[in-house]
Amino acid sequence: VGSATFWLIGQGDEQQTQIGEPYFGLVDESGKLNVNTVSLDMLQGLPRMTAELAGAIIDWRDSNDEVSEAGAESQTYLRRSPAYRCKNANFESLDELRLLNGAYLDVLYGEDANLNGVLDPNENDGDISPPSDNQDGRLDAGILVWLTVYSRHPVTGTNVNQPQQLAPLLQEKFGTERANQILARVGTDSGNVLQFYMRSGLTREEFVQIEGSLVGTNTIGLVNVNTASEAVLACLPGIGSEKASTLIAYRQSNPDKLNTVAWVKDALDEQNARQAGPWITGRSYQFTADVAAVGRFGRGYQRAKLVFDTSDGAPKVRYRQDLTHYGWALGLNVRRNIELARNLR
């Protein structure tokens, strides 16, 4: 932009994040677990998650003062200085996690002190410089990389549990006779979009034509199986650690089928697919742009995170945070290239 340069710092898969240089792109918020809807068991499935913090997350967002297993309510936080009460309402941002009992920095950030998704030199030198790391040449991320508060679908879609809403859409796309066949198969309690597909008898090609217009019972916190990491998929009912690797392998082998959630029916057995159905989607509407910029002549550095929400149509900025204080996040190669360009002037 003019004489300045910017980068979008993304989140690569587990293989890409080991290479020591950032992965670039937008970050899909629906590839994460939503702390406002995720269950206690699902939270405890995350790497580095502790029972103490998982319980504190549930207690922070619920509406009662009953302490869950290993959790914390107001009596814990009122003993702090300064004292404060448990929120007992939904998280508005992940920044609130810092207030929770058990939210230690090594749990939240892991070895990734600057949250750029790659192993920087100071994150692989043992105790020589912060953060503390095991010097094994591999980045152990904290839980922040797998959590969100933003994932939600539009609420104005055609509800798969409402035949009176489904009929006009199906008739428009497939004609009256075919629409009646589908409605007779699905009934009134499909629950979620994947379940609807499994009951409907639709071909994959037919389903792709209407999937973007459909909503199920849940519209908040659905996980996009096309973009979620193996660590996130392993936390979902019906998938777990064993099936998560199966889904990742299927995605890698069938990239042409990832424009829909329908492929999950082929990758999992029917029972597991039904268990996973209420938690998954094939679409995303919220994205993070983690923007790092260097000014004219390679001087000056700033970084900011912005979350964009497209669920209401036109993109809206839901969150903005200055990340400049986390330090350089673009890896050694970018730094060297900037210095080389400066010396060649």
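Predicted model: local features only at pLDDT ≥ 70, side-chain atom pairs only at ≥ 80, totals over all residues.
The largest nonpolar core contains 73 residues. Within this core, Leu-33, Leu-100 and Phe-196 touch the most other members. Helix 2, spanning residues 51-61, supplies the largest share of the core, with 6 residues. A further core of 9 residues lies apart from the largest one, and its members include Ala-292, Val-294, Tyr-301 and Val-334. The surroundings of Phe-196 can be listed in detail. When residues up to four places away in sequence are not counted, Phe-196 touches Val-160, Leu-166, Ile-182, Val-186, Ser-190, Leu-202, Phe-207, Ile-210 and Leu-214.

Two cis peptide bonds are described here. One runs from Ser-81 to Pro-82, with omega near 0°. Pro-82 is placed in the loop between helix 3 (74-77) and helix 4 (105-108). The other joins Pro-130 to Pro-131, again with omega near 0°, and Pro-131 is situated in the loop between helix 4 and strand 4 (147-148).

Ala-70 has phi near 65° and belongs to the loop between helix 2 and helix 3. Ala-70 counts as partly exposed because its relative accessibility is 42%, which falls between the limits of 20% for buried and 50% for exposed. For Gln-135, which is not a glycine either, phi is about 55°. Gln-135 is found in the loop between helix 4 and strand 4.

The model has 13 salt bridges. In the pair formed by Glu-206 and Arg-178, the N to O distance is 2.8 Å.

Asp-140 and Arg-138 form another salt bridge, in which the closest N and O atoms are 3.1 Å apart. Arg-138 has 40% relative accessibility and so counts as partly exposed. A salt bridge also connects Asp-312 with Arg-318, and here the closest N and O atoms are 3.2 Å apart. Both partners are partly exposed: Asp-312 has a relative accessibility of 47%, and Arg-318 has a relative accessible area of 38%. Asp-312 and Arg-318 belong to one network with Arg-152 and Asp-309, joined through salt bridges that share partners.

Key:
Residues numbered from 1 in each chain as written. Heavy atoms only, no water. Core = buried A, V, L, I, M, F, W, Y, C linked by side-chain atoms within 4.5 Å. Buried < 20%, exposed > 50% of the residue type's maximum accessible area, 1.4 Å probe, protein only. Helix = DSSP H or I, 4+ residues; strand = E, 2+ residues; numbered from the N terminus. Contact = heavy atoms within 4.5 Å. Salt bridge = Lys/Arg side-chain N within 4 Å of Asp/Glu carboxyl O.
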